[in-house]
Amino acid sequence: MSMQAAFAAAIDAIFRDANVAEDATWRPGDAGPGIAVRVVRKTPDQVVGFGDSRAVLPTVLIDVRASEIASPASGDTVEIGTLVLEIIGTPVLNSLGLAWSCEAAPRD
């Protein structure tokens, strides 16, 4: 098995794990019926400096497999249960091209 295939199998196992990933509906451009996907939701805090002060800001990152969503974009929405998140900023593809990491914010 090649290294790429091994990493792809590991990513697939992570996204299948109910303790890590969850079912979601991805709507490109917030339109249409959406695409059923598995996502990993992460909520790391981001520390931002303001002069001599620092603020801790909550952030939401959504990881999705590139095999499920080929080109996520700002303005796409992700529905996880009753929570709707909007992708903000530019999604980043990991170095192996297997998963996208997308910053998201709750939809108003």
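## Terms and basis of the model

In this report, a contact, or touch, means that heavy atoms lie within 4.5 Å of each other. The structure is a predicted model, in which local features need pLDDT of at least 70 and side-chain atom pairs count only at pLDDT 80 or more, while totals for chains, interfaces and linings use all residues. Residues are numbered from 1 along each chain as its sequence is written, and side-chain values use heavy atoms, with hydrogens and water left out.

## Overall architecture

The protein chain contains one helix and nine strands; helices (H or I, at least four residues) and strands (E, at least two) are DSSP runs, numbered from the N terminus. Along the sequence, the pattern reads α-β-β-β-β-β-β-β-β-β. The C-alpha atoms fill a box of roughly 50 × 35 × 25 Å, taken along the principal axes.

Of the 108 residues in the protein chain, 28% are buried. Here buried means under 20% relative accessible area, exposed means over 50%, and partly exposed lies in between (1.4 Å probe, protein chains only). The accessible surface of the protein chain comes to about 6500 Å², and 55% of this surface belongs to carbon and sulfur atoms. Such areas come from the Shrake-Rupley method with a 1.4 Å probe; for residues, only the protein chains shown count as cover. Among contacts between residues at least 6 apart in sequence, 45% join residues at least 24 apart.

## The nonpolar cores

A nonpolar core is a set of buried Ala, Val, Leu, Ile, Met, Phe, Trp, Tyr and Cys residues joined through side-chain atoms within 4.5 Å. The largest such core has 15 residues, and those with the most contacts inside it are Trp26, Val37, Val39, Ile62, Val64, Val78 and Ile80. Two or more residues are given to this core by each of strand E1 (22–27), strand E2 (35–42), strand E5 (60–65), strand E6 (77–80), strand E7 (83–87) and strand E9 (99–106). A second, separate core has five residues, including Ile11, Ala21, Val40 and Leu98.

Leaving aside residues up to four places away in sequence, Val64 touches Phe15, Trp26, Val37, Arg38, Val39, Ile69, Ala99 and Trp100.

## Two buried polar residues

Thr77 is found in strand E6 and is buried, with a relative accessible area of 2%. The side chains of Thr77 and Asp30 are joined by a polar contact of 3.0 Å. A polar contact is a pair of N or O atoms within 3.5 Å; within protein, one must be able to donate a hydrogen and the other to accept it, and residues adjacent in sequence count only if both atoms are side-chain atoms. Not counting residues up to four places away in sequence, Thr77 touches Thr25, Trp26, Arg27, Asp30, Val84, Leu85, Glu86 and Arg107.

Arg38 has its place in strand E2 and counts as buried at 16% relative accessibility. A polar contact of 3.0 Å joins its side chain to that of Asp23. Beyond residues up to four places away in sequence, the residues that Arg38 touches include Phe15, Asp17, Ala21, Asp63, Val64 and Glu68.

## Salt bridges

A salt bridge is a side-chain nitrogen of Lys or Arg within 4 Å of a carboxyl oxygen of Asp or Glu, and by this rule the count comes to eight. One of them pairs Asp23 with Arg38, the closest N and O atoms being 3.0 Å apart. This pair links distant parts of the chain, with Asp23 in strand E1 and Arg38 in strand E2, 15 residues apart. Asp23 counts as exposed at 56% relative accessibility, whereas Arg38 counts as buried.

In the salt bridge between Lys42 and Asp63, the closest N and O atoms are 2.8 Å apart. Lys42 lies in strand E2 and Asp63 in strand E5, so the pair ties together parts that are 21 residues apart in sequence. Lys42 is partly exposed at 32%, and Asp63 is buried at 14%. Arg65 forms a salt bridge with Glu68 at 3.4 Å between the closest N and O atoms. Arg65 is buried, with a relative accessible area of 12%, while Glu68 counts as partly exposed at 24%. Asp12, Arg65 and Glu68 are linked in a network of salt bridges.

## A nonpolar surface patch

Met3, Phe7 and Leu96 make a nonpolar surface patch of about 300 Å². Patches are made of residues with over 30% relative accessible area and no salt bridge, with like charges joined within 9 Å and nonpolar side chains (Val, Leu, Ile, Met, Phe, Trp, Tyr) within 5 Å. Met3 lies in helix H1 (residues 3–16) and is exposed, with a relative accessible area of 62%.
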